[in-house]
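Hi,

Here is the structure I promised to hand over. Have a look at it first, and then read on for what turned up in it.

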2 protein chains.
Amino acid sequence: MVASVLRRTRAVRYVAPALAPPPIAAVWIRFSSSQATSAARELDADECRGFANARGAGVDVDVSFPTYMVWGSNTGVGKTLISAGLCSAILCQPGVGRRSKDLLYLKPVQTGFPADSDARYVYEEVSRAGRLRPEAVSESLFICNHTLQVSPAVQSSVNMSGVVTRPNFARSGDGPSSGVHSRGMKDFCSYESQLLQGAETSNRSEVLESTNGVHGQGQRPMQSRFTCKTLWAWHDPISPHLAVAREGSAVPDSLVVESVQGLLVALSNSKTGERNGEREDARGDWAEKWAILETAGGVASPGPSGTLQCDLYRSLRFPGVLVGDGKLGGISTTIAAYESLLSRGYDIPAIVIVDAGLSNEEPLLQYLRHKIPVLVLPSLPEDPKKSLEEWFGLAEGKFLELRGVLENAHLKRLRRLEEMPKKASDILWWPFTQHDLVAQDSVTLIDSRSGENFSVYKADSTSATKVIAQQFDACASWWTQGPDTTLQSELAREAAHTAGRYGHVMFPENVHEPALRCAELLLGGVGRGWAERVFFSDNGATSIEVAIKMAFRKYIVDHGLGDSPTDGGSQEQLKVVALKGSYHGDTLGAMEAQAPSVYTGFKQQPWHRGRGFFLEPPTVFQRQGRWLLQLPDVYQDDESSASVSSWKSRDEVFDTCRDSTSLANLYSRSIDQQLASAAKEEYTSLAALIIEPVLHGAGGMDMIDPLFQRTLVRECRRRGIPIIFDEVLSGCWRFGAESATELLGCSPDIACYSKLLTGGLVPLAATLATQPVFEAFRGISKLDALLHGHSYTAHAVGCASAVLALQYFSDPSRNPNLLRDGRRLRELWSPELVSTISSHPSVERVVSIGTIFALELRASGAEAGYASMLSKGLVEGLRHEGIYTRPLGNVVYLMCGPLTEPKTCTTMLQKLLDLLG
Amino acid sequence: MVASVLRRTRAVRYVAPALAPPPIAAVWIRFSSSQATSAARELDADECRGFANARGAGVDVDVSFPTYMVWGSNTGVGKTLISAGLCSAILCQPGVGRRSKDLLYLKPVQTGFPADSDARYVYEEVSRAGRLRPEAVSESLFICNHTLQVSPAVQSSVNMSGVVTRPNFARSGDGPSSGVHSRGMKDFCSYESQLLQGAETSNRSEVLESTNGVHGQGQRPMQSRFTCKTLWAWHDPISPHLAVAREGSAVPDSLVVESVQGLLVALSNSKTGERNGEREDARGDWAEKWAILETAGGVASPGPSGTLQCDLYRSLRFPGVLVGDGKLGGISTTIAAYESLLSRGYDIPAIVIVDAGLSNEEPLLQYLRHKIPVLVLPSLPEDPKKSLEEWFGLAEGKFLELRGVLENAHLKRLRRLEEMPKKASDILWWPFTQHDLVAQDSVTLIDSRSGENFSVYKADSTSATKVIAQQFDACASWWTQGPDTTLQSELAREAAHTAGRYGHVMFPENVHEPALRCAELLLGGVGRGWAERVFFSDNGATSIEVAIKMAFRKYIVDHGLGDSPTDGGSQEQLKVVALKGSYHGDTLGAMEAQAPSVYTGFKQQPWHRGRGFFLEPPTVFQRQGRWLLQLPDVYQDDESSASVSSWKSRDEVFDTCRDSTSLANLYSRSIDQQLASAAKEEYTSLAALIIEPVLHGAGGMDMIDPLFQRTLVRECRRRGIPIIFDEVLSGCWRFGAESATELLGCSPDIACYSKLLTGGLVPLAATLATQPVFEAFRGISKLDALLHGHSYTAHAVGCASAVLALQYFSDPSRNPNLLRDGRRLRELWSPELVSTISSHPSVERVVSIGTIFALELRASGAEAGYASMLSKGLVEGLRHEGIYTRPLGNVVYLMCGPLTEPKTCTTMLQKLLDLLG
C-alpha cells in the first residue's frame with residue numbers, strides 16, 4: 001500500500017485537538033495572512049476558485065458531467081456515509097480503465113463544526129479506501145479538504161487553539177459576482193491534502209519525494225483529483241437557520257446558489273491534464289468529472305436563511321440521490337421526502353437506504369412501481385463507536401452499483417437532451433410557426449422553469465459544451481406568467497392538493513369549492529362593481545366566443561329580434577363593433593371579431609368573413625421622453641386634435657379630466673357618425689362592442705388613447721350595444737392594476753379573463769357578466785339557456801390555481817410591488833431608462849405599462865425588412881444576455897410578472913439599451 | 001374525586017400480566033363463547049355496532065359532528081399523547097355548559113399488542129384526567145375500551161394466560177356489508193369500562209351502585225360516553241404490513257374503510273339520551289359527538305395490506321391533525337409529511353408538535369404562512385419512565401386550544417358547505433343549464449372525488465342530517481374521466497412535479513420533455529400507422545377548429561385554390577361533409593360543422609350557418625338481445641338492406657368482411673351520388689370530411705354503422721377530400737380500444753383527441769395529422785404556416801398528465817381490463833344484463849361499447865314528454881342509489897373508466913334494471 005501526505009512548504013500546520021470525529025486523525029493545513037505565500041495565492045486561484053472568483057449568477061452550468069445532490073429523508077439517515085461510499089466508488093472503481101477523475105464533493109452548509117465535518121469525514125474515508133486499494137487508484141490521486149468560511153463561534157473555538165486568521169480570503173476575485181456577501185462569517189480556509197499512488201505507478205518513491213508543489217509546472221503526472229469543500233460552517237450542532245441566529249452571521253440564499261454554481265463552473269473549466277506537462281494537448285480536458293453536493297439535514301430542513309433546502313437549491317435542479325430511512329417509520333419519511341422533492345421538480349434517479357432489518361425497500365419499490373431503484377446498504381454495526389471500515393467493505397458493491405445507476409441516469413438524460421431538438425422538429429407542429437424557418441439548432445430546449453427564469457439546454461458541437469443556461473422569460477410565455485419561485489412552488493402544491501382532492505368534477509348544476517371561491521374572487525376583484533355572474537371556459541378564445549354569444553343574446557332580447565329560437569334565426573346580420581388591430585383569439589367566432597388581415601386570409605381560415613364594423617383607433621406612445629398622440633385621418637380636426645398633442649406622463653394620458661376636452665367631443669362626434677352610417681346597412685345590427693382595453697397586444701403593443709375607448713364605450717352604451725372587454729391580456733395585474741377597467745375608468749357588461757388568471761400554470765378562462773346579461777338567458781326552456789360548454793369547464797386544478805394566484809398577487813404581504821392602496825403596482829420599468837430608450841434614434845416609439853415594456857424599431861416602407869433584421873439581431877442579443885424574448889414584427893417587448901423585482905426590469909432595460917448601441 | 005370501575009355481571013375478568021404499558025394498571029373484561037349472555041349480546045349490538053353490523057360500503061358519513069384523523073410525521077412523535085390529551089380536552093372541557101359528549105376514539109390498526117395499545121393508553125389517560133377533574137365531567141362519563149380482532153400471535157400470547165375465545169363475534173350482523181372479511185384474524189373482544197361521576201352529581205353513591213347494566217332501560221341518566229376501540233391488533237411492534245406477513249393474517253383495505261365508516265354511522269345513529277329513560281324525547285340526539293381516528297406510524301406508513309395509510313383512508317377524506325416533530329430534522333419530516341397529506345387532498349387544519357427546544361414551530365409557521373396554527377406542547381420529561389401526569393397538566397391549555405381550533409375548523413367547514421349551493425346559484429353561470437330550472441336544493445355539492453366516485457354533501461333540513469355520500473360518476477364528468485384512486489394519486493404527484501419543474505413554458509420553436517413525450521406516445525398509440533405530426537391546443541372544440549383549418553389548407557393546396565393568401569381569399573365556399581346528429585364542439589368553427597339544430601339557432605349563435613353537407617347515417621343498436629340496423633330512407637333498397645338486418649354480436653357488426661356485402665355497395669353508390677350532387681353547387685367545394693367514428697356522443701349515443709363510416713371515408717378519400725376523425729370522445733380507450741380507428745378499420749388524415757387524454761385531470765387537446773397535411777403549411781413565408789395557437793399550447797402539466805394516463809391505460813401491469821393482446825379492453829358491461837335490459841319493454845334500444853352503456857327509453861311522438869319524465873325518474877333513482885348520471889333527453893347512459901372493475905359495471909346495470917322495474 002502506498003500513501004503519502006502532501007505538505008506544502010511554508011504552510012502552517014494545524015492539528016485540531018480532539019475536534020475531528022474519531023477514528024480519523026486530523027491533519028489541517030492553514031494559511032496565516034502574514035504568510036500569504038505564492039503557494040497560498042495559488043490555492044486562492046485554484047482550489048478556492050469558484051467560491052470567490054466565479055460566483056455564478058447567470059452562469060451556465062455544465063451538464064456534460066454528472067452532478068448529484070445527496071438528500072436525506074431525515075437527519076441522521078447516513079447521507080455522509082453514502083457520500084463517502086459513492087465518492088470512493090467514483091474514484092476507486094476497480095476493473096475500469098485508467099481514465100482519470102476530477103471529483104468535487106461539496107458540503108455548502110455544515111453545522112456542529114469542527115466536531116462534525118462531513119467533508120472531512122468523506123475526505124478521510126476516501127483516503128482510507130484509496131490507501132486500502134491502491135490497485136483501484138489510477139496512477140495517482142490527489143485528495144484535499146478545504147473549509148472556507150466559519151461563524152465567529154467556530155473561529156473563537158479554533159483561535160483558542162492558537163491559529164491565526166487570514167482576512168478577506170474569500171472575497172477577492174474578478175469573476176462574475178452579484179455583490180451579495182455573507183454577513184458575520186469569518187474567512188477560515190483550513191486545508192489538508194494527500195497524494196495517493198496507484199499500484200501501477202512505476203516509481204513510487206520518486207513520486208513521494210516530488211509531491212510538494214503539485215500545482216506547479218513540470219511536475220510528475222497526477223491523474224486524478226478529489227476535492228472536498230465546506231463552504232460555511234457553524235459551531236452548534238443544530239439546524240443552520242438556528243446556528244445563524246445564535247452565532248450572529250448570515251449567508252443569503254443567492255450567495256449559496258451562486259457559490260455552488262461558481263464551484264461547478266470552476267470544475268467545468270479545470271483541466272486536470274493541465275497540471276501535467278505532457279498532457280497540455282487536446283486531451284487536456286479528458287478527466288472524468290463528477291460533483292457530489294451533500295445537503296444538511298432533511299430535504300425540507302431550513303438552510304442558513306431559513307429557506308427550505310429543497311427550495312434553496314431549486315433553481316439549480318440538479319438530480320439527486322435520496323437517502324431514505326431503513327428504520328421503523330422510515331417508509332413514511334422516505335416517501336414523504338421523495339414527494340417533497342418531486343413537487344419541486346427534482347429528478348431522483350435513485351433511493352438508498354441503510355438496512356435495519358425491516359425490508360423497507362419492498363414497500364418503497366412497490367410505491368415507486370420499480371421505476372427507480374432502491375439500493376439497500378448493509379446494516380450498520382450496533383456499536384456506534386465501532387469503525388465502519390468493515391461496513392464500507394461490505395457496502396462496496398452497492399456503492400459501485402449506485403455509481404452505475406447515477407452514471408446511466410446521467411447518460412440517459414444527456415442522450416435525451418441531445419436528441420430532443422431534432423425529435424421536436426420531426427414530430428411537433430408548433431403554433432404560429434413556419435417550420436421551414438426553424439433550424440434544428442435554433443430550437444430552444446427548456447429543461448425547467450424557476451420563477452421567471454427558463455433553464456435552457458445549450459449544446460455547442462464545436463466546443464463540445466453542454467450547459468444549462470438561465471434565461472429570463474421576457475415574453476412571459478405568451479403573456480401567461482406571473483409566479484416568482486415561491487408562488488411557483490405554492491402553485492405546485494395547490495395543484496397537487498386539488499388534483500388529489502378533486503381531479504376534475506362535473507360542473508353544470510354542481511358546485512365545488514375551487515370554482516365557487518374563484519368566482520367569488522373574480523367578482524370581488526376584476527368584476528368589482530359591475531359583474532355578477534361567472535361563466536368558466538378553457539382559454540381566451542373560448543371566453544370570447546362565450547362573450548359574443550352573451551352580448552348578441554342581450555342585444556336580441558333587448559331589441560326584440562328573432563324570438564323563436566327554433567326557426568333558424570332572424571334574417572338580421574349581427575355584427576360586432578371592434579377596433580382595427582385588435583385580436584381576440586384563433587377560433588372562428590373570435591376571429592370574426594377581428595378586422596381582416598394576413599392572419600385571417602382564405603388560406604388561413606376560409607370561413608373568416610370579418611363580421612364586424614372596424615374603427616381605426618388613435619394611439620398613444622412615448623417618444624423622446626414625451627407621450628404623444630397619433631390620430632388617424634378620420635379624427636383629424638385642426639382645432640380639437642391640436643389642442644393637446646403630448647403629455648409629460650402616462651398618468652396625464654389616463655386622466656379622466658380629459659373627458660371634458662374638445663378632443664373628447666371630436667371622438668364622440670366621429671364615433672357617433674361612424675356607428676350611425678354602419679347601422680344604416682340593411683339587415684345589419686351592431687350588436688356588440690368588443691375591445692382590448694388600453695392596449696392591443698398581438699396587434700403590436702399599440703396603446704389606444706384611453707379617452708377614445710372610454711368615449712366609444714359611452715357611445716355604444718347609448719345605443720344599447722352590449723360592451724365586451726377582452727381582458728385576456730390586460731386582466732389580473734398585467735397592466736399594473738387588477739383590471740384595465742380601473743385604468744380606463746369605465747366598466748363593460750361582459751369581460752373575459754385568462755392567461756394570468758391561473759398565475760400561469762394551466763389554461764382556464766372566465767367570462768364575467770352583469771346580471772342583466774344573465775337575465776337574457778333565463779326562461780322556462782332549456783333552449784333559452786346559454787348552450788355552450790367545454791368538458792373541463794371550471795376544472796378544479798385551474799380554479800384552485802386561480803384562487804391562489806389572485807390572492808397572492810393582491811396580497812401586500814406577498815406582493816412587494818403593490819402600492820399602499822393595494823390597487824396598483826409600483827412602476828416596474830425605470831422611467832429614466834424608458835425615457836432614454838424612447839429617445840434612441842433607432843426607436844420609433846415606446847410603450848410601458850404595468851409588467852409590459854415595448855418598443856417599436858424605426859422603419860419606414862422599404863426599411864421594414866431592415867427593422868425586421870434589426871429586431872432579429874436585438875432578440876438574438878437579448879437571448880445571448882439571458883433574456884428570452886419574441887418579437888412582434890419590428891416590435892420588441894419585455895414582459896415581467898406582477899411579482900418581479902424592479903431591479904430585474906432595470907437590468908433588462910439596461911441590457912436592451914446597450915444592445916441598441 | 002369520584003371514580004368507579006364498572007364490571008358487568010357474568011363477565012370474565014382478565015388481567016393482562018405485565019403487558020399493559022406502565023404506569024397504568026390493566027383491567028380487561030372478556031366474554032367467552034360459552035358465556036354468550038344477554039350482556040354480551042347487548043355489547044354486540046351496541047359497542048361493536050358498525051364494525052360487524054354496519055360496515056359502511058356506500059354508506060353516507062355524517063359530517064354534522066367533527067371527525068378528525070391524527071397523523072404522524074414519523075413514528076414516535078407522540079400521536080397517542082396528542083390523541084389522549086385531545087380526547088380529555090373534548091370530554092373534560094372546563095367552564096363549558098353541561099352538554100353531554102359522545103366521543104369515539106378509534107385505532108383501526110395496532111401493532112405491538114397488547115404491550116402497546118394506544119386505545120388502552122388513551123382510555124387510561126382520559127380516565128385519569130377525569131378522575132383528577134371531576135368538576136370538568138358533566139354529571140357522568142362512561143368510558144370503555146374495546147379490542148375487536150387480533151392476530152393469532154396475539155391470541156396465543158393471551159391464550160397462554162388462560163383466556164377463552166369467542167368465535168365469529170365480529171362477523172354476525174345484518175347491516176350492509178360488502179362481504180369482505182379479514183383473513184386469519186381472531187375475534188378477541190376484550191372490553192373494559194369505567195363510569196366517572198361529575199362533581200355536580202347530587203348523589204354519587206347511588207350512581208355508583210346502579211352502574212351495572214348502563215345499556216338497559218330505567219337506569220340513571222348517563223350523560224357522556226367515551227368509547228375507545230382497536231379494530232385489529234398484531235403482536236410484533238413493527239409496521240402493520242410486516243406484522244400481517246409474519247403473523248399470517250390479512251385485513252383488506254376495503255374492510256378497514258368500511259369498518260371505520262360503519263363505526264361512524266353507529267356513532268351518528270347512537271342516541272346517548274336513549275339510555276336515559278327521561279330523555280327519550282326530541283332531545284334524544286342532543287349529545288355532542290366527536291370522533292378521533294389515530295393512524296399507525298407516519299402518514300405514508302403502510303397499512304395491513306401494504307397500501308400507504310394516506311392512500312388507505314383517502315376515500316373518507318376526514319380532516320386531520322398532523323403531529324409534527326419538534327426534534328432535530330423535525331422541520332423537514334413535518335413539512336414533507338404535510339405535503340404528502342396535501343397532495344392526497346386532505347385538509348389539515350392544525351399541526352401539533354412536542355417541543356424539543358428547537359423552536360421548530362417558527363420555520364413551520366413561516367412555511368405555512370401562518371394560515372394553519374402550529375400548537376407547541378411542552379417538552380416531555382427526559383426520563384422516559386417518568387409519569388406524564390405533570391406533562392398532561394402543563395399541556396392542558398394547549399389541548400383545549402387544539403380542541404377549539406378543530407371545532408372552529410369543523411364549524412367553518414359546515415357553514416361553508418351549507419352556504420355553497422345558494423352562493424353557487426347566485427353567482428355561477430353553468431354551461432348548458434337553464435338556471436330557472438335548477439332548484440337551489442338540487443345543486444350537487446361535490447366535496448371531493450376519489451377515483452370514479454364523487455363525495456357529495458347532502459343536507460336535509462327536515463331531518464337535520466348532514467352527510468357526505470358517495471356517488472359513482474357515471475357521466476364520467478362529461479366523458480373526461482378515467483382514473484381509479486391509484487391513478488388519481490399518481491396524477492396528483494405528476495401534476496405537482498411538473499408544476500414544480502416547469503409551471504408552464506412557451507411552446508412555439510421550443511421543446512420540453514412532457515410535450516415531446518406526449519407527442520411520441522400519441523404517434524405511437526392513437527396515431528400509430530398514419531399520423532406524423534402533433535399540434536396541441538386546449539380542448540375538443542379548439543382541436544376541431546385546428547383540424548378543419550388543416551383539412552381546408554390541404555384541400556386548397558391539393559386543388560390549387562386561392563394561391564395568394566393576402567388577396568382576401570378565393571370566392572370558393574368551402575364546406576365540410578359531416579353526418580347529421582354529430583357534434584364537434586361549441587366554438588363557431590366547430591359548430592359550423594354541425595347540422596342546424598335547436599342548439600345552433602339564431603338565439604344561440606346568430607353567426608351559425610351550418611357550412612356543411614350533412615348526410616343521414618344508418619345506425620345500429622341492440623334490442624331484444626339482437627343488434628339491429630336502422631337505415632334512413634335514402635339507403636332503402638329492397639335487395640341490399642334486407643340481406644342483413646340483424647346480428648348476434650357487436651363483433652359481427654364491426655367485422656370488416658361486411659365490406660364485400662351488397663349493403664356495402666349500396667352505401668358506396670348512395671354516398672357517391674349524394675357527394676356528387678352536393679359538389680355540383682356553384683363555388684362550393686366539399687373540402688373536408690369530419691366524423692365522430694363509431695358513435696355520436698352528444699347527439700344521443702347513436703352508434704353509426706361502421707360499414708357506412710368506412711365506406712364514407714373511402715369515398716371521400718377517392719375524391720381528394722381530407723378526412724378528420726373527431727376522437728374527442730372515442731379516443732384513449734373510451735370505446736375499449738385506444739383509438740376508434742382500430743374499430744373502424746380505417747385511418748383519417750387528421751384526428752382530434754381530448755377529454756380522456758389527460759386521464760381526466762386538466763384540459764388539453766391534440767390534433768394529429770399525416771405528414772402530407774403538414775406539408776401543406778410549409779413554405780418560405782410565415783404566412784404559409786398554421787397561424788393558430790393558444791397561450792397554454794402544450795402546457796406542461798397537461799402533457800405530463802397525458803403521458804402518465806396514456807402509459808397507465810395501456811400498461812397491462814396497471815390496467816387489469818386490458819386483454820392479452822394489449823389492444824382491447826375486456827367487456828365491462830355484462831352481456832347477459834345488457835341483453836336483458838335491451839329486452840325490457842320500456843327500452844327502445846341499447847348501445848354498449850368500451851366504457852359506455854346507453855339506453856334509449858321508448859317513446860314516440862306525443863309520448864316524448866313521458867319518456868323525458870321517465871328518464872328524469874330513472875336518473876333520480878340512480879342518484880339515490882349512488883350513481884350520478886345525466887340524461888341526454890330520453891337517453892340514459894352509464895360511463896365508467898378504462899380501469900373500472902367489471903363488477904362495478906354489473907352492479908350499476910343491475911340497479912338500473914331494478915329501477916326500470
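A:A476 counts as buried because 27 C-beta neighbours lie inside 10 Å of it, and 20 or more are enough for that label. Please keep in mind from here on that this is a predicted model. A:A476 sits in helix α12 of chain A, which covers residues 476–479. Its backbone is worth a look too: A:A476 is not a glycine, yet its phi is positive, at about 45°. A:S477 also has a positive phi of about 45° without being a glycine. This serine belongs to helix α12 of chain A, and with 28 other C-beta atoms within 10 Å A:S477 is buried.

In chain A, the peptide bond leading from A:F113 to A:P114 is cis, with omega near 0°. A:P114 is placed in the loop between β6 (101–110) and α3 (118–132) of chain A. In chain B, B:F113 and B:P114 are likewise joined by a cis peptide bond, with omega about 0°. You will find B:P114 in the loop between β6 (101–110) and α3 (118–132) of chain B.

Now to how the chains sit together. Chain B can be laid on chain A by a rotation of 180° with 0.0 Å of shift along the axis, giving an RMSD of 0.1 Å. That is how a two-fold axis relates two copies. Between the chains, 153 residues of chain B are in contact with 152 residues of chain A. Which helix gives the most to the side of chain B that touches chain A? That is helix α13 of chain B (residues 485–501), with eleven residues. By class, this side of chain B holds 74 nonpolar, 55 polar and 24 charged residues. Because 99% of the interface residues of chain B are also interface residues in chain A, the copies meet through the same surface.

The chains are also linked strand to strand. Strand β14 (residues 444–450) of chain A runs parallel to strand β17 (residues 510–511) of chain B, and two bridges join them. Here A:L445 has B:V511 in β17(B) as its bridge partner.

A:A336 is buried, with 33 other C-beta atoms within 10 Å. Setting aside residues up to four places away in sequence, A:A336 touches B:V299, B:A300, B:T333, B:A336, B:A337, B:E339 and B:S340.

Next, have a look at strand β5 of chain A (residues 67–72). Is this strand mostly covered or mostly open? It is mostly covered, with six of its six residues buried. A:T67, A:M69 and A:W71 point one way from β5(A), while A:Y68, A:V70 and A:G72 point the other way. β5(A) pairs in the parallel sense with strand β10 (residues 288–294) of chain A over four bridges, and there A:V70 stands opposite A:E294. Four bridges also join β5(A) to strand β11 (residues 320–323) of chain A, again running parallel. In β11(A), A:L322 is the bridge partner of A:W71.

On to the domains. The assignment for chain A gives domain 1 (3–201 + 221–270 + 290–420), domain 2 (531–562 + 570–809) and domain 3 (831–916). The centres of domain 2 of chain A and domain 3 of chain A, taken over C-alpha atoms, are separated by 27 Å. Each of these two domains of chain A gives 17 residues to the contact. On the side of domain 2 of chain A that touches domain 3 of chain A, strand β21 (residues 619–623) of chain A gives the most, with three residues. That side of domain 2 of chain A has nine nonpolar, five polar and three charged residues.

Last, the nonpolar core. The largest one has 548 residues, and A:A688 and B:A688 have the most contacts inside it. Leaving aside neighbours within four places in sequence, the contacts of B:A688 include B:I548, B:F552, B:Y555, B:V577 and B:I724.

Enjoy exploring!

Terms used. Residues are numbered from 1 along each chain as its sequence is written. Chains are lettered from A and ligands numbered from 1 in the order in which they are written. This is a predicted model: local features need pLDDT of at least 70, side-chain atom pairs count only at pLDDT 80 or more; totals for chains, interfaces and linings use all residues. Copies are superposed by least squares on the C-alpha atoms of residues with pLDDT of at least 70 in both. Two residues are in contact if their C-beta atoms, placed from the backbone, lie within 7 Å. Domain bounds come from an automatic or database domain assignment. Ala, Val, Leu, Ile, Met, Phe, Trp, Tyr, Cys and Pro count as nonpolar, Asp, Glu, Lys and Arg as charged, and the others, Gly among them, as polar. Two strands pair if DSSP finds at least two bridges between them. A nonpolar core is a set of buried Ala, Val, Leu, Ile, Met, Phe, Trp, Tyr and Cys residues joined through C-beta atoms within 7 Å. A residue is buried if 20 or more other C-beta atoms lie within 10 Å of its own, exposed if 12 or fewer, and partly exposed in between; C-beta atoms are placed from the backbone.
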